[in-house]
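Trainee: I would like to learn how to read a few features of a structure. Please take them one at a time.

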Amino acid sequence: MAGAPSPDPSSTRPTPDPIGIAASGLCAVHCVICAALPGVLGLLGLEVLLGPRVEWGFTIVAIIFASLSLGYGWRHHRSPWIAAALLLGMLGLLTARVLEEDHAAPDEHADHASHDDHAGDDAAPQSHRHDGDHVFGAWLGALSGLVLVGGHLWTIRASRRNARCCD
């Protein structure tokens, strides 16, 4: 087949997207489980998965692969929509982590509760607000992980389309 064009080496080169899909998908599943079933993890002896180190680990790995995909994708298809999706997913994950870290931080009102005559008035609503932030943060993390999965899939599709049209 002397007349067959050789494949473009950049279209056959591995991309960060398959690993990014797995990392972002695992991050999203982790967030859903932590939001919906934290007690089950404790019963199974897996409460370590609720810790901030594990959550930051998932976040950092997902953001690293999204960043690599953003760079790769921009060089190959220059889609501002895909870039926006990946950036939105990364921003969402970081926002979720901040919300959950705020939940994990010691409650300042609890430290001062013994000094106030009206300590009982604001202790419960403050605790309730932090629980709401944690749950919102977990669901935001799950949604952001799914946005990253979509961004990775979109990058793969756009790169393939670009490779076909430019052969």
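Trainee: Is glutamate 101 buried, exposed or partly exposed?

Mentor: Buried means under 20% relative accessible area, exposed over 50%, and partly exposed in between, with a 1.4 Å probe and protein chains only. Glutamate 101 has 30% relative accessibility, so this residue counts as partly exposed. Bear in mind that this is a predicted model, in which local features need pLDDT of at least 70 and side-chain atom pairs count only at pLDDT 80 or more, while totals for chains, interfaces and linings use all residues. Residues are numbered from 1 along each chain as its sequence is written, and side-chain values use heavy atoms, with hydrogens and water left out.

Trainee: Which residue forms a salt bridge with glutamate 101?

Mentor: Side chains of opposite charge can pair when their charged atoms come close. The criterion for a salt bridge is a side-chain nitrogen of Lys or Arg within 4 Å of a carboxyl oxygen of Asp or Glu. Here the partner of glutamate 101 is arginine 97, with the closest N and O atoms 2.7 Å apart. Both residues lie in helix H5, 4 residues apart, or about one turn of the helix. Helices (H or I, at least four residues) and strands (E, at least two) are DSSP runs, numbered from the N terminus.

Trainee: How many salt bridges does the structure hold?

Mentor: There are 3. Arginine 97 also pairs with glutamate 100, at 3.6 Å from N to O. These two are 3 residues apart in helix H5, so about one helical turn separates them. An α-helix has 3.6 residues a turn, so residues three or four places apart point the same way. A further bridge joins arginine 97 to glutamate 55, where the closest N and O atoms are 2.4 Å apart. Arginine 97 belongs to helix H5 (residues 80–104) and glutamate 55 to helix H4, so this pair ties together parts 42 residues apart in sequence.

Trainee: Is arginine 97 buried or exposed?

Mentor: Arginine 97 counts as buried, because its relative accessibility is 4%. Glutamate 100, at 6%, counts as buried too. Contact means heavy atoms within 4.5 Å. Leaving aside neighbours within four places in sequence, arginine 97 is in contact with Pro52, Glu55, Trp56 and Thr59.

Trainee: How far apart are the end C-alpha atoms of helix H4?

Mentor: The expected span of a helix is 1.5 Å times one less than its number of residues. For the 25 residues of H4 (residues 52–76) that should be 36 Å, and the end C-alpha atoms are 36 Å apart, which agrees. Just after H4, arginine 78 takes a positive phi of about 50°.

Trainee: Which residues make up the largest nonpolar core?

Mentor: A nonpolar core is a set of buried Ala, Val, Leu, Ile, Met, Phe, Trp, Tyr and Cys residues joined through side-chain atoms within 4.5 Å. The largest one has 10 residues: Cys27, Ala62, Ile63, Ala66, Ile82, Leu86, Met90, Leu93, Leu148 and Ala158. H4, H5 and helix H7 (119–165) are the elements that give two or more residues to this core, and H5 gives the most, with 4 residues. Methionine 90 touches Ile63, Ala66, Ser67, Leu70 and Leu148, not counting residues up to four places away in sequence.
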